[in-house]
Every structure is written in structure tokens, then in C-alpha cells.
Amino acid sequence: YHNGAASEYEHAWQMLQFAEQALKTGLHNNTGGTITISCGVHVGPFVGVVLDNSKPQYDVFGDTVNVASRLMTNSPVKNSVHISQAVRNVLLDIPDFLASSTAAMCVPHVVSLKGKGMVDTYTITP
């Protein structure tokens, strides 16, 4: 933390932990049905805006959001968290990540993402 605010490192780690927990919860649901969850995580700049003053809605835009969306839709493994190389690079600087079992579960892939070509990615399956 820097000046009481979480850094990009903590944010990346928190997002990964949230995504993993969402997957675990979905996979172990008590409904008797099947739930498929897709998660794509990327780091970088984006723009957040409030749309329509009469019915305020918040939205985010930018290449970072597009890459995360493409990671989500192009995951080579169902029910996994699909992260970019940039996310993995950030996570490798976090001692809690390195000490976690999550670090060992990062499986490398090379996938084609629209507008990006072939990119190095990783899937994490809880």
C-alpha cells in the first residue's frame, strides 16, 4: 500500500483471488445444475465514466478492458482464470502470490487475441 491506497500489485492479486473464489463458488454450487464461469484479467490504463445523468450507469473503456474481455472469451480452459503475461509479471513481484498454491497452478498458453495476434497467457484453475 502506498499512502493508504492499494497499488496495482495489490489490485492484481485481489482480482485474482476474487476470480478464483467466484470459480470455486460456482463449481461447488448446491443447485444441482452446471455453472460455467469465464474470467479474463489484464492490467493497464482505462477510462471510467458515468453515463446518462437521469439513470447513472458507470462504465469502463480502453484497451485494457478489451484485452481482459478477449482473454475471457478465448480461454483455452473452461472454468479457469485466464490472465495476460502483464498480469503474471505483476503477480511475480508479490510475495503472497509466490508463496501461494496459485503460483504453481499457472499453466502457460499461446492464444490468438483479436487485434493482438498470438500472445502469451496463463490459465489458473482452482
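## Glu 20 in helix α1

Glu 20 is buried, with a relative accessible area of 7%; buried means under 20% relative accessible area, exposed over 50%, and partly exposed in between (1.4 Å probe, protein chains only). The residue lies in helix α1. Leaving out residues up to four places away in sequence, Glu 20 touches Val 81, Thr 102, Met 105, Ile 124 and Pro 126, where contact means heavy atoms within 4.5 Å.

This is a predicted model, in which local features need pLDDT of at least 70 and side-chain atom pairs count only at pLDDT 80 or more, while totals for chains, interfaces and linings use all residues. Residues are numbered from 1 along each chain as its sequence is written, and side-chain values use heavy atoms, with hydrogens and water left out.

## Chain overview

The protein chain has five helices and six strands, in the order α-β-β-β-α-β-α-α-α-β-β along the sequence. Helices (H or I, at least four residues) and strands (E, at least two) are DSSP runs, numbered from the N terminus. Of the 126 residues in the protein chain, 27% are buried. Among contacts between residues at least 6 apart in sequence, 57% join residues at least 24 apart.

## Nonpolar core

The largest nonpolar core holds 17 residues, and Leu 16, Val 81, Ile 83, Leu 91 and Phe 97 touch the most other members. Such a core is a set of buried Ala, Val, Leu, Ile, Met, Phe, Trp, Tyr and Cys residues joined through side-chain atoms within 4.5 Å. At least two residues of this core come from each of α1 (8-27), β1, β4, α3 (85-91) and β6. Helix α1 gives the largest share, five residues.

In soluble globular proteins, nonpolar side chains tend to be buried together.

## Helix α2

Thr 64, Val 67, Ala 68 and Leu 71 are buried in helix α2 (residues 63-73). Viewed down the axis of α2, its buried residues fall within an arc of 100 degrees, so they line one face of the helix; the arc is that of the directions from the helix axis to the C-beta atoms. These buried residues pack against β1 (39-41), β4 (81-84), β5 (107-113) and β6 (117-124).

In the loop between α2 and β4 is Asn 79. Asn 79 has a positive phi of about 50 degrees although it is not a glycine, and at 16% relative accessibility it counts as buried. Most residues other than glycine have a negative phi.

## Salt bridge

The whole structure contains one salt bridge, defined as a side-chain nitrogen of Lys or Arg within 4 Å of a carboxyl oxygen of Asp or Glu. It joins the side chains of Lys 116 and Asp 63 (3.0 Å, N to O). Lys 116 lies in the loop between β5 and β6 and Asp 63 in helix α2, so the pair ties together parts that are 53 residues apart in sequence. Lys 116 is partly exposed at 40% relative accessible area, and Asp 63 is partly exposed at 42%.

## Surface

The protein chain exposes about 7,800 Å², of which carbon and sulfur atoms supply 55%. Accessible areas come from the Shrake-Rupley method with a 1.4 Å probe; for residues, only the protein chains shown count as cover.

Val 47, Leu 51 and Phe 61 make a nonpolar surface patch of about 250 Å². Patches are made of residues with over 30% relative accessible area and no salt bridge, with like charges joined within 9 Å and nonpolar side chains (Val, Leu, Ile, Met, Phe, Trp, Tyr) within 5 Å. Leu 51 belongs to strand β2 (residues 47-51) and is partly exposed, with a relative accessible area of 33%.
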